[in-house]
Amino acid sequence: MSRLVLRRLRHVGRPLSSQLSSCPPLPSTSLRHGSLRDSRQRRAFSATSPREIMETTGFTENQLMVREAVGQICAQFPNTYWQEHDQKEQDPSDFHAAMAKAGWLGIALPESLGGSGLGISEATMMMQTITESGAGMAGAQAIHANVYATQPLARFGTREQLEHTIPNIISGKWRACFGVTEPNAGLNTLGLSTTAHRLPDGSGYRISGQKIWITCAQVASKMILLARTTPLEQVRRPSEGLSLFCINLDRSQPGLEMKKIKKMGGRAVDANEVFFDGYSIPSSALIGEEGKGFKMILHGMNAERCLLAGEALGLGYAALSRAANYARERVVFGRPIGQNQGVAHPLADAYMRLEAAKLATYHAARLYDAAAAGNESIKQDAVGVAANSAKYVAAEAAFAACERAVLAHGGMGYAAEYDVERWLRECLVPRIAPVSREMILNYIGEKVLRLPRSY
Ligand SMILES: Cc1cc2nc3c(=O)[nH]c(=O)nc-3n(C[C@H](O)[C@H](O)[C@H](O)COP(=O)(O)OP(=O)(O)OC[C@H]3O[C@@H](n4cnc5c(N)ncnc54)[C@H](O)[C@@H]3O)c2cc1C
C-alpha cells in the first residue's frame with residue numbers, strides 16, 4: 001500500500017477491525033424464517049454467497065481501498081435490514097451513524113475541514129459500493145446529500161460555516177438535506193419561486209414558498225436551500241437573483257412545516273413537501289454572495305451526476321449478480337434455467353451495458369477531479385457532457401439489469417425476500433433525479449449535436 005493511500009485512509013477513519021466492532025447491533029429479523037425461505041430450502045438452493053461480478057481491473061488503488069473498506073461497513077447491514085426498513089419506512093439512522101463514525105461522510109471534503117481530501121472518483125466508488133451491498137438507493141440516499149450538498153458549502157462558505165457546520169455534518173451530529181425542487185417549477189429550476197426576503201436591518205431573511213421531494217428532511221437539522229432573493233422581473237437573466245443558504249430546520253419555530261410523501265421505493269428514507277411561511281433565518285445562513293446561488297449549485301451538479309451514476313451501477317450489479325446466482329441454481333424442466341439462452345442472453349447483455357456505463361461513469365468522475373484540481377485543458381463543457389452522459393447510461397443500464405433480474409426469478413422476483421423487486425422499484429430514481437432522461441437528451445442534442453433548443 002502506498003504512503004499516499006495510508007495517509008489518506010488515516011483521515012477516512014480508524015482501522016477496519018475497530019470500525020467493524022463498533023457497529024451497532026442489528027435488529028433481529030423474522031423474515032429469514034419465513035415460509036418463502038423454507039420453500040427455497042426445500043428446493044435445495046445453495047447458500048453460495050453472491051459473487052462480485054464487476055470487473056475491477058483498472059481502478060486506482062484508492063478506489064479499490066474505498067470499495068473494500070466501505071464494503072466492510074455495509075456488510076454489517078444485510079439485506080434483511082434494508083427489507084425491514086423499507087417495509088416499516090424506518091430511517092436507517094444506524095447505517096448513517098456507522099458511515100459517519102468511520103469518517104466516510106467527509107470523503108470528498110478537504111482535509112483542512114476534517115475531510116479525507118479524496119475526489120469524486122472515490123466518492124462515486126463509495127456510493128456504488130453502498131447500493132451494490134444490497135442497501136440500494138435507500139442506503140445511498142441516507143448519506144448522499146451529506147456528501148454532495150456540502151460541496152458548495154465547502155467551496156463558498158464563510159469561516160463560521162466551514163469551521164462549525166461542516167465538521168458537525170462529517171461527524172454525523174447533524175444531517176443535511178438539499179432543497180431545490182419546487183412543485184410549480186419542476187425541472188425549470190430557474191423558475192423557482194421560493195423567496196428569501198431580506199429584513200430591512202440586514203439581520204436575516206424570511207423564507208416563503210414550497211419545496212418538494214426533499215429527501216431526509218424529517219431527520220435533517222440543516223438544509224442547503226436555493227431561493228430567490230431578487231424577483232425574476234428585476235434580473236437581467238433568470239440565473240441571477242437566486243441565493244444559496246445553509247439553514248437550520250428548526251421545527252419549533254413558526255413558518256416551517258413538512259409533509260411526508262408516500263412513495264414507490266427507497267421507503268426507508270423520507271421524501272417531503274416542505275412549506276415555508278415567513279420562516280426566519282439569520283443573515284449568517286447565506287452561502288457566498290447573494291444572488292449568485294445558481295452558479296454555486298452548478299458547481300456541484302456534475303459531481304452529483306457522477307455519484308448518482310455510481311449508485312445506479314451498484315444497484316444494477318447487485319441485481320444482476322443475484323439473477324445469475326438464481327439462474328445457475330433454479331432447476332426447471334430438468335436443467336438450470338440459466339442454461340436456456342432466453343434467460344442467459346439478456347443477463348449477459350445487461351452485464352455489458354453495466355460495464356460500458358461503468359467506463360463512462362469513472363471517466364466522467366476522473367474528468368471532474370482533474371478539472372477541479374486545476375487541469376485547464378479540461379473544459380467544464382466536456383465535464384458536463386461526460387457527467388450527464390454517464391448518469392443517463394448508468395441509469396438505463398441499471399434499469400435493464402434490475403428488470404431482467406426480476407424476470408429471471410419468475411414469481412420469486414416479485415417476493416420481497418429476494419430483494420430484486422426492491423431494487424427494481426429503486427432503480428427508477430436515477431432515471432428521474434436529479435435530472436430526467438429527457439432533459440439530458442435535450443442537453444446533448446443542444447450542446448453536442450448543435451440542434452435547436454427545444455424548450
Ligand atoms: C425519490 C426522489 C428523491 C428526490 N430528492 C430530491 C431532493 O433531495 N432535493 C431536491 O431538490 N429534489 C429532489 N428530487 C426531485 C427531482 O430532482 C425531480 O423530481 C426531478 O428533477 C424531476 O423534476 P419534476 O419531478 O418536477 O419533473 P417535471 O419538471 O414536472 O417533468 C415531468 C416530466 O416531463 C419531462 N419534461 C419536462 N420538460 C421537458 C422538456 N422541455 N423536454 C422534454 N421533457 C420534458 C421530464 O423529463 C419528466 O419526464 C427527488 C425526486 C425523487 C423522485
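This report covers the ligand shell, a helix pair and some backbone features of a predicted model.

## Ligand shell

The ligand is surrounded by 22 residues. The closest are Thr-181, Gly-186, Ser-436, Glu-438 and Tyr-455.

By residue class, the shell divides into 14 nonpolar, seven polar and one charged. Domain 1 (176–291) contributes residues, and domain 2 (294–448) does too, so the ligand lies between them.

## Tyr-455

Tyr-455, one of the closest residues to the ligand, sits in the segment after H15. Is Tyr-455 buried or exposed? Tyr-455 has 8 other C-beta atoms within 10 Å, so it counts as exposed; the cut-off for that class is 12 or fewer.

Asn-442 lies 13 residues from Tyr-455 along the chain. The C-alpha atoms of these two residues are separated by 8.4 Å.

Most peptide bonds are trans. The bond joining Ala-433 and Pro-434 is cis, with omega at about -5°. Pro-434 belongs to the loop between H14 and H15.

## Helix pair H10 and H11

Helix H10 spans residues 293–329, and helix H11 spans residues 341–372. Their axes come within 9 Å and cross at roughly 155°. Angles over 145 degrees count as roughly antiparallel, and H10 and H11 are therefore roughly antiparallel to each other. The crossing of H10 past H11 is left-handed.

## Positive phi

Most residues other than glycine have a negative phi. Two residues with positive values follow.

Glu-89 has phi near 50°. Its place is the loop between helix H5 (79–88) and helix H6 (93–101). Glu-89 has 13 C-beta neighbours inside 10 Å, so it counts as partly exposed.

Phe-333 has phi near 55°. Where is Phe-333? Phe-333 is in the loop between strand S9 (331–332) and strand S10 (335–336). Phe-333 is exposed, because 8 other C-beta atoms lie within 10 Å.

Definitions and conventions
Residues are numbered from 1 along each chain as its sequence is written. This is a predicted model: local features need pLDDT of at least 70, side-chain atom pairs count only at pLDDT 80 or more; totals for chains, interfaces and linings use all residues. A residue is near a molecule or strand if its C-beta atom, placed from the backbone, lies within 6 Å of it. Ala, Val, Leu, Ile, Met, Phe, Trp, Tyr, Cys and Pro count as nonpolar, Asp, Glu, Lys and Arg as charged, and the others, Gly among them, as polar. Domain bounds come from an automatic or database domain assignment. Helices (H or I, at least four residues) and strands (E, at least two) are DSSP runs, numbered from the N terminus. A residue is buried if 20 or more other C-beta atoms lie within 10 Å of its own, exposed if 12 or fewer, and partly exposed in between; C-beta atoms are placed from the backbone. Axes are lines fitted to C-alpha atoms, for helices over the stretch in contact, and angles run from 0 to 180 degrees between N-to-C directions. Angles under 35 degrees count as roughly parallel, over 145 as roughly antiparallel, 65 to 115 as roughly perpendicular and the rest as oblique. A crossing is left-handed if the near helix is turned anticlockwise from the far one by less than a right angle, and right-handed if clockwise.
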